[in-house]
Amino acid sequence: MTKGPEEIIRDEIRALKAYHVPPAAGMVKLDAMENPYRLPEDLRANIARIAAEAELNRYPDAAAAALSDELRRAFGVPAGMDVLLGNGSDELIQVLALAVARPGAVILGVEPSFVMFRMIATFAGARYVGVDLREDFQIDAGRMAAAIERHQPALVFLAWPNNPTGNLFDEDLVAHVIETAPGLVVLDEAYHAFAGKSFIDRLPRYRNLLVMRTVSKLGLAGLRLGALAGAPAWLEQLAKVRLPYNINVLTQLIAAEVLRHDRVLTEQARAIKLERGRLHEALALLPGVKPYPSEANFILFRTSNAERVFGAMKERGVLVKCLHGSHRLLDNCLRVTVGTPGENSEFLTALERSLAA
Ligand SMILES: Cc1ncc(COP(=O)(O)O)c(C=O)c1O
């Protein structure tokens, strides 16, 4: 008798729910923190030329050297520090978790935060400890210190700004976590373009700090490219876990070309930040809606009945993310990505009608 999934697949994997990506064809898609703007016509024409000439019959440059140089410049990686590239920052989270997952190793994060930290720790066979944030979504200093002391985590993940709450944790507290953690601290700065603050300059000061970035929220989610910056001594070890050729030929060429024109992306981020302000003000005016401050390209807001409002909005063709039920602090919370002015107006109209229905 052959065995089935119940006997073969690890218990903790069978207990997981797969990362859900809802169908969004034809909808106003404001659920995944994508940049709503396309690239300008001339840059798209350059990309078409570059793609046409790409040597797709060859494996990509395993070191992605040209792209790494562009990323180092665009992200302001300090001299003496290196970058490790991933097929999205999701893959870098996986590389990190696999590399530290000795038997009994703990990976620590805050809750609520980016769900892939916990999921990937589980894939890797590490124990994940989530430290609850305060009601205002800031790090609870006492709880964090106690958890670090008790669990001695091999790795701490902090998203800065945090997803799904949108806020930046207090800078001194983040520094304190880095100073007191016994192992690695990875600051996930996926939303850096909308916050303007970074720990990247402090890499030379903190031996145990790595800073992770992605181009996904900048406008290149389709390319799947993330970067981990830090001391070569760490990255050399982590690079062993990365699969060879993980950054494909087209991603290497196209991302490098767009980064050479990264003012386009900075301008788009500026427009998104302006719209974020307008959206926040409009949300605050709606009865029964409480938007939270955001330093990212999305806004978390609370309503009286998130599941009902989410369903009603979906029927009206607007897709946001419903976070109700995922954590006590997110009861009746929805998260909306900042879209174009037109999309945001459609979202506000759909929300107003769904609240009244
Ligand atoms: C905090 C955070 N880190 C990483 C990611 C994933 O980024 P990527 O598209 O580079 O895998 C996300 C995506 O939502 C995120 O919110």
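These notebook entries record what I looked up in a predicted model.

**Entry 1. Ground rules**

I worked on a predicted model, in which local features need pLDDT of at least 70, side-chain atom pairs count only at pLDDT 80 or more, and totals for chains, interfaces and linings use all residues. Residues are numbered from 1 along each chain as its sequence is written, and side-chain values use heavy atoms, with hydrogens and water left out. Helices (H or I, at least four residues) and strands (E, at least two) are DSSP runs, numbered from the N terminus.

Seven strands make an open sheet in the order 2-8-7-6-5-3-4, and the pairing is mixed; two strands pair if DSSP finds at least two bridges between them. Strand 2 (82–86) and strand 4 (127–132) are at the edges with a single partner strand each, so one side of each has no neighbour in the sheet. From one strand to the next the twist averages 25 degrees (axes are lines fitted to C-alpha atoms, for helices over the stretch in contact, and angles run from 0 to 180 degrees between N-to-C directions).

I then followed two of the pairings. Strand 5 and strand 6 (residues 184–188) run parallel and are joined by five bridges; Phe-157 stands opposite Val-186 of strand 6. Strand 2 pairs with strand 8 (residues 226–230) in the antiparallel sense, also over five bridges, and Gly-86 stands opposite Gly-226 in strand 8. Four of the five residues of strand 2 are buried, where buried means under 20% relative accessible area, exposed over 50%, and partly exposed in between (1.4 Å probe, protein chains only).

I found an open sheet of four strands in the order 9-10-13-12, with antiparallel pairing. Strand 9 (290–291) and strand 12 (321–322) are its edge strands, each pairing on one side only. Two bridges join strand 9 to strand 10 (residues 298–302) in the antiparallel sense, and Lys-290 has Arg-302 as its bridge partner in strand 10.

**Entry 2. Helix 5**

I checked the length of helix 5 (residues 89–100). At 1.5 Å a residue its twelve residues should span 16 Å, and the end C-alpha atoms are 17 Å apart, which agrees; the expected span is 1.5 Å times one less than the number of residues. Its buried residues include Leu-92, Ile-93, Val-95 and Leu-96.

**Entry 3. Aromatic pairs**

My search of the whole structure gave seven aromatic pairs. Rings of Phe, Tyr and Trp (its six-membered ring) pair if their centres lie within 6.5 Å; planes under 30 degrees apart count as stacked, over 60 as edge-to-face and the rest as tilted.

The rings of Tyr-59 and Tyr-245 are stacked, because their centres are 4.4 Å apart and their planes at 15 degrees. Tyr-59 lies in the loop between helix 3 (41–53) and helix 4 (65–75) and Tyr-245 in the loop between helix 11 (232–239) and helix 12 (249–260), so the pair ties together parts that are 186 residues apart in sequence. Tyr-59 is exposed at 63% relative accessibility, whereas Tyr-245 is partly exposed at 37%.

Trp-160 and Phe-199 form an edge-to-face pair, 5.1 Å centre to centre with 80 degrees between the planes. The two residues are 39 residues apart, Trp-160 in the loop between strand 5 (155–159) and helix 8 (171–180) and Phe-199 in the loop between helix 9 (192–195) and strand 7 (209–214). Both Trp-160 and Phe-199 are buried. I also noted a cluster in which ring pairs link Phe-114, Phe-117 and Phe-157.

**Entry 4. Cysteines**

I looked for disulfides, defined as a pair of cysteine sulfur atoms within 2.5 Å, and the structure holds zero. For Cys-322 the nearest cysteine sulfur is that of Cys-333, 9.1 Å away, which is too far for a bond. Cys-322 is partly exposed at 21% relative accessibility, and Cys-333 is buried at 0%.

**Entry 5. Backbone exceptions**

Most residues other than glycine have a negative phi, and most peptide bonds are trans. I recorded a cis peptide bond between Glu-111 and Pro-112, with omega about 0 degrees; Pro-112 is in the loop between strand 3 (106–111) and helix 6 (115–124). Another cis peptide bond joins Asn-163 and Pro-164, with omega about 15 degrees.

Phe-137, although not a glycine, has a positive phi of about 70 degrees and is buried at 2% relative accessibility. Arg-224 has a positive phi of about 55 degrees and is partly exposed at 30%.
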